[in-house]
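Let's take a walk through this protein together. Have the picture open as you read, and find each part as we get to it.

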Amino acid sequence: MTGVVRRVLVVGAGQMGGGIAQVAARAGFDVTLVDTTDDALDRGLASIRGSLDRFVRSGHINSEDAARALDRIDTSVDVSSSASGADLVIEAIVEDLGAKQGLFALLDAACSPEVVLATNTSQFQIGRIAESCQHRDRVIGVHFSNPPPLMPLVEVILGALTSPRTLDVVNDFLVTCGRETVLCRKDVPGFISNRLSTALFMEAARLADEEIASPADIDKVARLMYGHKMGPLATLDLAGLDTALKVSTALSEHYGGDRFTPPPILARLVAEGRFGRKTGSGFYEIA
Ligand code: NAI
């Protein structure tokens with residue numbers, strides 16, 4: 001490691017935060033993983049352990065490297081006290097603007113001004129999240145793909161006030177983590193990736209809603225006709241229908257028109273508690 005980052009604070013131990021913590025620890029960074037409860041941290045750590053075990057079983061890493069990565073991860077339910085030791089913070093909490101602004105106000109007060117504050121938000125403008133901060137030049141978007149340990153691409157998003165140093169720190173960190181990056185140069189809702197994916201995903205959900213074809217056949221078209229690794233409805237189940245509903249509703253409100261509007265089936269599945277893989281069913285029943 002050559003850059004300024006030694007310790008990374010990851011806030012939110014869900015599927016994205018846990019995955020990001022694992023990627024950073026594998027790259028040799030010390031990591032503190034924070035969530036609101038010990039239960040959430042236990043679930044996050046169990047998922048990291050499971051993922052590292054799979055890498056060991058498939059021969060991608062050896063068991064010593066996996067154990068060393070786990071050793072580098074501390075956990076805490078106290079974000080303020082953990083913030084003081086970090087050089088880079090990556091926020092991966094629930095997709096709620098108020099919650100993110102509240103957390104960034106707290107981080108901005110707890111971290112010295114050179115500490116970079118990154119958000120893994122799916123679609124909120126970086127400038128909106130930074131509104132609660134005094135030092136807005138250190139806030140940046142660092143949008144990992146799901147699941148972070150398997151997906152090499154990270155989208156970096158510049159806020160209007162993000163400093164060149166902030167971008168350098170993040171790029172150094174991501175290169176050390178072995179990630180590929182793309183730069184979203186304008187702070188627009190949904191960035192590059194979620195403007196592309198939400199338009200496709202909502203059209204796939206509309207096809208299912210109108211019962212034009214089964215989820216399996218809709219996904220098969222994307223896989224066999226367009227060469228996607230996973231179909232859009234299976235990807236929505238993986239990402240979480242609750243998060244997808246929030247993202248598509250927010251993009252639809254911002255941009256207007258129909259392209260991002262979630263069809264009724266999405267709200268219906270969420271109301272039934274069918275969030276996708278994390279609850280065991282969504283568009284598909286997941287064993
Ligand atoms: P998740 O629901 O799996 O995890 C969120 C975690 O944050 C939970 O463990 C929750 O207890 C914790 N949390 C909530 N408020 C907190 C607070 N104030 N302090 C500390 N922890 C808190 O959600 P997921 O899927 O990991 O998403 C996290 C973020 O990443 C969201 O902003 C989402 O839009 C974004 N994202 C999600 C992707 C996906 O495919 N699921 C892909 C890329 C970004």
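## Two loops to look at

Start with Phe 191, which sits in the loop between S8 and helix H8 (193-209). (Helices, H or I of at least four residues, and strands, E of at least two, are DSSP runs numbered from the N terminus.) Phe 191 has a phi near 55°, a positive value in a residue other than glycine. Before going further, know that this is a predicted model: local features need pLDDT of at least 70, side-chain atom pairs count only at pLDDT 80 or more, and totals for chains, interfaces and linings use all residues. Residue numbers start from 1 along each chain as its sequence is written.

Now hop to the loop between S6 and S7, where you'll find Pro 147. A cis peptide bond links Pro 147 to Asn 146, with omega at about 0°.

## The sheet

Eight strands make up an open sheet with mixed pairing, and their order is S3-S2-S1-S4-S5-S6-S7-S8. (Strands pair if DSSP finds at least two bridges between them.) Strand S3 (73-76) and strand S8 (180-184) are at the edges with a single partner strand each, so one side of each has no neighbour in the sheet. On average, neighbouring strands here are turned by 25° against each other, direction ignored.

Zoom in on S6 and strand S7 (residues 153-157): they pair in the antiparallel sense over four bridges. Across that pairing, Val 142 stands opposite Val 156 in S7.

## Around the ligand

Which residues come nearest to the ligand? Of the 26 residues around the ligand, they are Gly 12, Gly 14, Met 16, Asn 146 and Ala 239. (Being near a molecule or strand means that the C-beta atom, placed from the backbone, lies within 6 Å of it.) Helix H1 (15-26), helix H5 (97-110) and strand S6 (139-144) are the elements that give two or more residues to this shell. H1 gives the largest share, three residues.

By class, the shell has twelve nonpolar, twelve polar and two charged residues. (Ala, Val, Leu, Ile, Met, Phe, Trp, Tyr, Cys and Pro count as nonpolar, Asp, Glu, Lys and Arg as charged, and the others, Gly among them, as polar.)

## Two crossing helices

The axes of helix H9 (residues 215-226) and helix H10 (residues 232-239) come within 7 Å and cross at roughly 105°. (Axes are lines fitted to C-alpha atoms, for helices over the stretch in contact, and angles run from 0 to 180 degrees between N-to-C directions.) H9 and H10 are therefore roughly perpendicular, a label for angles of 65 to 115 degrees.

Pro 215, Ile 218, Asp 219 and Ala 222 in H9 meet Pro 232, Leu 233 and Ala 234 in H10. (Contact means C-beta atoms, placed from the backbone, within 7 Å.) These residues divide into six nonpolar, no polar and one charged.

Terms used. Angles under 35 degrees count as roughly parallel, over 145 as roughly antiparallel, 65 to 115 as roughly perpendicular and the rest as oblique. Two residues are in contact if their C-beta atoms, placed from the backbone, lie within 7 Å.
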